[in-house]
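Trainee: I have a chain open on my screen and would like to walk through it with you. Could we start with the loops and then turn to the helices?
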Amino acid sequence: MCGIGLAFIPKLNILDIPQARSAHEFPISKGGGIAIILAFCFGFLIWRLINPALLLPFNTLYAFTGIFTLAIFSLIDDIQSQNVWLKLIVQILSSFLITESLGVSSTYTTGFTLLNVIYLNTINFMDGLNGLASGVIVISSFILAFAGAPNVLCYLLSGALLTFLPWNFPRAHIFMGDVGSQTCALILCLIANILIKNHTQFSESYHLRIIFLLPALLNGMLFDVFITLVIRSLKKDPITQAHNTHLYQLAVRSNFLSPFYVTLIQWSFAIWGGIIELFLPLSISLILLLIPQVIWGSLVAYFWRKSSLFQLKNLP
């Protein structure tokens with residue numbers, strides 16, 4: 001279904017027009033997320049009709065209300081950019097709904113909601129290179145399934161995105177837009193939240209592994225966004241304003257690496273995070289996660305400062 005939908009998406013004429021900060025040169029359809037989300041929801045409906053008696057670890061009404069709320073608003077935002085604070089309100093509401101669907105305590109609800117909003121924005125900020133965000137979500141879905149998350153949600157999400165990837169990577173014919181990046185990120189958060197809830201009765205050390213699994217999978221993205229926000233804050237640049245100064249963007253703009261290899265590096269960070277969190281000692285997991293990020297950040301900074309763009313920007 002996702003493939004059929006993607007074939008018709010360009011007819012909707014929802015275009016990403018190139019700007020100074022864009023990585024593409026020509027207008028490209030950015031409605032791919034519509035097909036991804038519809039395929040996920042349709043697949044879940046078929047699965048539910050086949051397995052009506054199976055107990056689910058979440059309330060479908062709350063969860064899918066949150067998913068559709070964010071998807072519809074993000075689609076509107078793709079068509080006509082909305083106020084940043086309104087976006088944040090919708091993200092919080094959608095995150096609250098999927099967390100409320102789990103039936104957990106108010107403490108868990110508050111914590112999950114706030115963290116989910118951070119993950120939503122992180123993935124959305126990093127959806128600027130072909131295949132980067134979608135590939136990381138696919139990898140994360142498979143690793144979460146391996147760790148014990150609901151297989152049906154993991155495989156439906158990854159299946160829809162794998163159908164989308166050939167349309168977007170290595171050369172982009174369609175973008176998934178905010179409707180894709182934010183809604184897929186929300187579904188990923190739902191999957192991770194369910195996994196955490198289902199492992200509360202395990203040993204404390206294993207439960208900690210599960211709690212930190214999603215941030216470990218997103219470690220490359222989280223590091224990039226954190227460093228970028230810190231630098232922009234120190235320079236007094238507006239942090240809510242669109243820009244092209246993320247590490248992954250600087251790596252491409254400085255000609256350090258092509259977009260293809262930058263995307264592969266971000267995918268490898270996700271795989272590395274999963275390996276560390278599931279198999280290596282917790283006591284050294286943070287160090288093992290940070291070492292590649294520090295090396296990556298240092299290399300990008302070095303090549304950016306050597307680039308002609310940096311030299312031109314700093315001419316007296």
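Trainee: Does Asn255 count as buried or exposed, and what is its relative accessibility?

Mentor: Asn255 counts as exposed because its relative accessibility is 69%, where buried means under 20% relative accessible area, exposed over 50%, and partly exposed in between, with a 1.4 Å probe and protein chains only. Before going on, note that this is a predicted model, in which local features need pLDDT of at least 70 and side-chain atom pairs count only at pLDDT 80 or more, while totals for chains, interfaces and linings use all residues. Residues are numbered from 1 along each chain as its sequence is written, and side-chain values use heavy atoms, with hydrogens and water left out.

Trainee: Okay, and where does Asn255 lie?

Mentor: Asn255 lies in the loop between α12 and α13 (259-279); helices here are DSSP runs of H or I with at least four residues, strands are runs of E with at least two, and both are numbered from the N terminus. Asn255 also has a positive phi of about 65°, although it is not a glycine.

Trainee: What is phi near in Lys236?

Mentor: Phi of Lys236 is near 60°, again a positive value in a residue other than glycine. Lys236 is found in the loop between α11 (219-234) and α12 (247-253), and it is exposed, with a relative accessible area of 72%.

Trainee: Switching to Ser307, is that buried or exposed?

Mentor: Ser307 counts as buried, because its relative accessibility is 6%. Ser307 sits in the loop between α14 (285-306) and α15 (308-313), and its side chain reaches the backbone oxygen of Trp304 at 2.6 Å.

Trainee: And the peptide bond from Phe169 to Pro170, is it cis or trans?

Mentor: That bond is cis, with omega near 5°, and Pro170 belongs to the loop between α7 (151-168) and α8.

Trainee: Now helices: how do α3 and α8 cross?

Mentor: The axes of α3 (residues 60-79) and α8 (residues 177-198) come within 7 Å and cross at roughly 160°, the axes being lines fitted to C-alpha atoms over the stretch in contact, with angles from 0 to 180 degrees between N-to-C directions. The two helices α3 and α8 are therefore roughly antiparallel to each other, a label for angles over 145 degrees, whereas under 35 is roughly parallel, 65 to 115 roughly perpendicular and the rest oblique.

Trainee: Which residues make the contact?

Mentor: Among them are Ala63, Ile67 and Leu70 of α3 and Val179, Leu186 and Leu190 of α8, where contact means heavy atoms within 4.5 Å.

Definitions and conventions:
A polar contact is a pair of N or O atoms within 3.5 Å; within protein, one must be able to donate a hydrogen and the other to accept it, and residues adjacent in sequence count only if both atoms are side-chain atoms.
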